Amino acid sequence: MRRMQMIIGVVLIALVVVGVAVAISSGGSSAKAPTANSAAAKAAKAQVDSLLAGIPQSGNRLGSPAAKVTVTEFGDLECPICKDFALGAENQLIANDVKSGKVQLIYRSLCTATCNFSQAVFPVQQSAALAAGLQGHEWDYVELFYHEQGPEGTGYVTNDYLNGLASQVTGLNYTKWLSDRSSQTLASQVSADEQEAAAKGFQSTPTIVVQGPKGQAQPQQSAIDYPTLESMIKSVS
Amino acid sequence: MTTVTAAAAPSKAGAGTDRRLRIAILAIALIGLGIAIYLTIVHYSGLKVACLASGSCETVQSSRYAKLAGIPVPVLGLIGYIGILVTLAIRSDLGRIAGFGIALTGFLFSCYLTYRELFTIKAICQWCVGSAICMTVLTVLTAIRVMRTDLPPPAVRD
């Protein structure tokens, strides 16, 4: 009898543990991406402005073109693992190595998380970032997107969301950006990035490629930490 | 030599069955542990995961369901399989019931993850399927160990 009680107890504990795990795992689904004027968006904008202040940008490049080491991220703006990488190791890299002129950072497109739900939105969202790049603000846009990223698969990336991000980018000519972001040239650039990623066998995001005077480090297809990134940079410097 | 100190004497066949069940659980848990170790190494090293279906494993790995509260799911699997192996060393009802509890938890969570793979992520990772199968078999085996009444009681050593 006591044994049966223990078994029932264990079954109940297992159900509770898994119930909590499922609730945590699914938890983000009810959350929403912050709106442009929300406190969260304002806090994100302040962080991004502070991080990128004084760093030269051109197109998809952040940092000095004379920097000897180039770190390229193949990313998907809706990918939560890319967000982890961006707000972790990548922001440390920007603050420590890009700002000092040692490293230049390139952002390129590879559809992963977005394409699990809607392939059509991928070129639209990535082109929105590239359009900001035409005005030297792509990294502002990319950083804001990751800071304000919504729950995966909830269809939060709408025109209003993309426009709202652009309205937060300091110094961006919004009207020009709005006109540029539907350019077929930018969509082709996204497609070219994807083709190059496929040719190199990259299938997940973020994929990090580090190149320097001594060659190229083994590409990493995960959200690596800053020490790993540093050791990759050291190996090619 | 078998020493029985409890009141109820178990059948010899029961002790043999328990031994076979423990060997089967050990073997399946080691397979699952191997999968979990591989996926944990791939996760932390950033290496490309070996996958039968092109891109499917990467798709699953890069989804939000690849982590639970910031902990990579393969690490949770690693802890689960080690837990099951540890309970095998505990020769008592407590060990059997704890083993069943861990396997059942792993099985139920595997069901949830498989559901997410099929209907949310729409990609299947064969390593995850392998681990889910291991957990399913382990749940059945540990449940048999718990339910059988002709198995050796707590103080039996063989």
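The model is predicted.

**Contact between chains A and B**

- Chain A brings 29 residues to the contact, and chain B brings 27 residues.
- On the side of chain A that touches chain B, α1 (2-26) and α3 (80-98) each supply at least two residues.
- α1(A) gives the most to that side, with 13 residues.
- By class, the side of chain A that touches chain B has 16 nonpolar, 11 polar and two charged residues.

**A helix of chain B**

- Helix α4 of chain B covers residues 93-121, with 29 residues in total.
- From first C-alpha to last, α4(B) reaches 40 Å, close to the 42 Å expected at 1.5 Å a residue.
- K122(B) follows α4(B) and has a positive phi, near 60°.
- Most residues other than glycine have a negative phi.

**Helices α5 and α6 of chain A**

- The axes of α5 (residues 138-147) and α6 (residues 159-168) of chain A come within 9 Å and cross at roughly 120°.
- That angle makes α5(A) oblique to α6(A).
- The crossing of α5(A) past α6(A) is right-handed.
- From α5(A), Y141(A), L144(A) and F145(A) meet L165(A), A166(A) and Q168(A) of α6(A).
- This contact of α5(A) with α6(A) holds five nonpolar residues, one polar and no charged.

**Helices α4 and α8 of chain A**

- Helix α4 (residues 121-133) of chain A packs with α8(A) at an angle of about 110°, their axes 9 Å apart.
- α4(A) is therefore roughly perpendicular to α8(A).
- α4(A) also passes α8(A) in a right-handed crossing.
- α4(A) contributes P123(A), Q126(A), S127(A), L130(A) and A131(A) to the contact.
- α8(A) contributes L186(A), A187(A), Q189(A), V190(A) and S191(A).

- T205(A) and P206(A) are joined by a cis peptide bond, with omega about -5°.
- P206(A) sits in the loop between α8 (184-199) and β5 (207-212) of chain A.
- Most peptide bonds are trans.

Note on methods
Residues numbered from 1 in each chain as written. Chains lettered and ligands numbered in written order. Predicted model: local features only at pLDDT ≥ 70, side-chain atom pairs only at ≥ 80, totals over all residues. Contact = placed C-beta atoms within 7 Å. Helix = DSSP H or I, 4+ residues; strand = E, 2+ residues; numbered from the N terminus. Nonpolar A, V, L, I, M, F, W, Y, C, P; charged D, E, K, R; others polar. Axes fitted to C-alpha atoms, helices over the stretch in contact; angles between N-to-C directions. Parallel < 35°, antiparallel > 145°, perpendicular 65-115°, else oblique. Left-handed = near helix turned anticlockwise from the far one by under 90°. Expected span 1.5 Å × (residues − 1).
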